[in-house]
Amino acid sequence: MAGTDKIYKMVTDQIIEALEANVVPWHKPWAETGSPQNAITKRNYTGINRILLQSSKYNDPRWLSYKQAAAKGGNVRKGETSTAITWWSNVTKHDKATCPGKQICEKTNANGFPVGTNCKRFGMLRYYRVFNVEQCDGLKLEPMTDGETPDPIDIHTEAQAILDDYVEREDGLSLQHGCDGGCGNAGGAHYIPSLDIIHLPKRDTFTTVEGYYSTAFHEAGHSTGTPDRCKRKDWTGEYTKHSGGRSREELVAEFTAAFVSEATGLDNRLEHDQHVAYIAGWLKPLKDNPKWAVEAAGYAQKAADRILNV
């Protein structure tokens, strides 16, 4: 198995382990937990790393490497287990016949490619390991500031503002509730690519306000994949059946909803009676498709940024 394939599997195995422990890594009460961030740079982790770190058992959202812990005067306690997270590095494959030399070639041309005619640059998936600050002793870090717990009404207002702004910004996109025949006579929640419509059931049919916005952000996630938006590879916008009856596009929409929910502080946890079936629905597809989690999280990060106008 190639190195990259090993990393895909290693990452997906972490997610599967969480699911098998009855934890959905992308469902959280965000106002309570906060976003995973590097303890030194204070930058939030993105993409698949958000999913991997937010599924941990720790309350503190801060993470750092072994070397970073040492640099802050602390140490990782003996016996603590690290968490693997990923990053992409740019690698150039040099063509012996046309390459003018590695140093010259590494300087990209106007199109962002290597100077060598037949030299190619591509991304290579790599990983490193981090620890939560709760796994360390002696760290000289600034204490976390205890902010006020946001009022649920404020969270809902922010969620509505984000949804309204996204629909208003995107030419041709509309959001409809219920169905009067103009949505292809299809009920439920779905995105209609041919009409560029996010269709949702009427608000009063949702059990919770959080459920409404989680569903809305999921369908908005589908709508970002169009050629004039995020131009997602293999995008159709439709629910496509693959092994296990779940598609990568569905996972993209799930992750997108989680990332947007995180930005608002929205609690996107499932109702209890949905939990078991939901987890069972994702276990086999992820086991059968180890690349899906990493790919879907990357697409979802771009989708969430588009919805949030980042």
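Author: Start with a sheet. Three strands form an open sheet in the order β7-β9-β8, with mixed pairing. The model is predicted, so local features need pLDDT of at least 70 and side-chain atom pairs 80 or more, while totals for chains, interfaces and linings use all residues. Residues are numbered from 1 along each chain as its sequence is written, and side-chain values use heavy atoms, without hydrogens or water.

Reader: What makes β7 and β8 the edge strands?

Author: Each of them, β7 (174-177) and β8, pairs on one side only. From one strand to the next, the twist averages 25 degrees.

Reader: How do you know that β8 and β9 pair?

Author: Two strands pair if DSSP finds at least two bridges between them. β8 and β9 have three bridges, in the antiparallel sense. Therefore they meet the rule. In one of these bridges, Ile-192 has Ile-197 in β9 as its partner. Strands are DSSP runs of E, at least two residues long; helices are runs of H or I, at least four, and both are numbered from the N terminus.

Reader: How does α7 lie relative to β9?

Author: α7 lies across β7, β8 and β9 and runs at about 155 degrees to β9. Axes are lines fitted to C-alpha atoms, for helices over the stretch in contact, and angles between N-to-C directions run from 0 to 180 degrees.

Reader: How do you know that the span of α7 agrees with its 15 residues?

Author: The expected span is 1.5 Å times one less than the number of residues. For α7 that gives 21 Å, and its end C-alpha atoms are 21 Å apart, so the two agree.

Reader: Why is α7 called mostly covered?

Author: Buried means under 20% relative accessible area, exposed over 50%, and partly exposed in between (1.4 Å probe, protein chains only). In α7, 11 of 15 residues are buried. Among them are Tyr-212, Phe-217 and His-222. The buried residues of α7 pack against α6 (152-169), β7, β8, β9, α8 and α10 (292-308).

Reader: What is Pro-201 in contact with, beyond its neighbours within four places in sequence?

Author: Contact means heavy atoms within 4.5 Å. Pro-201 touches His-177, Gly-178, Gly-188, Ala-189 and Phe-206 in that sense. Pro-201 sits in the loop between β9 and α7. Ala-189 is 12 residues from Pro-201 in sequence, and their C-alpha atoms are 6.1 Å apart.

Reader: Why is the pair Lys-9 and Asp-13 called a salt bridge?

Author: A salt bridge needs a side-chain nitrogen of Lys or Arg within 4 Å of a carboxyl oxygen of Asp or Glu. The closest N and O atoms of Lys-9 and Asp-13 are 2.9 Å apart, so the pair qualifies. The two are four residues apart in helix α1 (residues 3-20), about one helical turn. Lys-9 is partly exposed at 37%, and Asp-13 is partly exposed at 34%.

Reader: What makes Arg-50 buried?

Author: Its relative accessible area is 9%, so it falls under the 20% limit. Glu-262 is also buried, at 7%. Arg-50 forms a salt bridge with Glu-262, with the closest N and O atoms 2.7 Å apart. Arg-50 lies in helix α3 (residues 48-54) and Glu-262 in helix α8 (residues 248-264), so the pair ties together parts 212 residues apart in sequence.

Reader: Which residues are linked with Asp-196 in a network of salt bridges?

Author: Asp-165, Arg-169, Glu-170, Arg-229 and Arg-306 share that network with Asp-196. Asp-196 and Arg-229 meet at 2.8 Å, N to O, and both are buried. The whole structure has 16 salt bridges.
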